Amino acid sequence: MERERRGNFRENRDRDEGGFAPRKKACRFCVDKELKIDYKDGKAMKHYLSERDKISPRRFTGLCAFHQRELTIAVKRARILGLIPFTASQRQTF
């Protein structure tokens, strides 16, 4: 009986009935071909990091799998070079 209620609830969340239907995000780098992922641009990388300096997952960034992998590699390279901190405690306050 509980499964039936859950199933009906999901069916009732259709767009036609005023339910929430999230819009699929388009990959920023696929839409604009001129944008490139560059490990040397630390300020642009900060957009894809959480407040604890973790790399944000695809569901938050809205990137496709290809560009998310490129972003991950670029962030790791920038961390090794010292352009981006590894953790929030390593962040310098100026």
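I began with Lys46, which is partly exposed at a relative accessible area of 35%. I took buried as under 20% relative accessible area, exposed as over 50% and partly exposed as in between, with a 1.4 Å probe and protein chains only.

The model is predicted, and local features need pLDDT of at least 70, side-chain atom pairs count only at pLDDT 80 or more, and totals for chains, interfaces and linings use all residues. Residues are numbered from 1 along each chain as its sequence is written, and side-chain values use heavy atoms, with hydrogens and water left out.

I looked up the partner of Lys46 next. Lys46 forms a salt bridge with Asp53, with 3.8 Å between the closest N and O atoms. The rule asks for a side-chain nitrogen of Lys or Arg within 4 Å of a carboxyl oxygen of Asp or Glu, and I get a count of one salt bridge by it. Asp53 is buried, at a relative accessible area of 2%.

Helices are DSSP runs of H or I with at least four residues, numbered from the N terminus.

I checked contacts (heavy atoms within 4.5 Å) for Met45. Leaving aside neighbours within four places in sequence, Met45 is in contact with Ile37, Asp38, Tyr39, Leu71, Ala74, Val75 and Ile84.

Last, I looked at Thr61, which lies in helix 4 (residues 58-61). Thr61 is buried at 17% relative accessibility. Not counting residues up to four places away in sequence, Thr61 touches Tyr48, Ser56 and Gln68.

Methods
Helix = DSSP H or I, 4+ residues; strand = E, 2+ residues; numbered from the N terminus.
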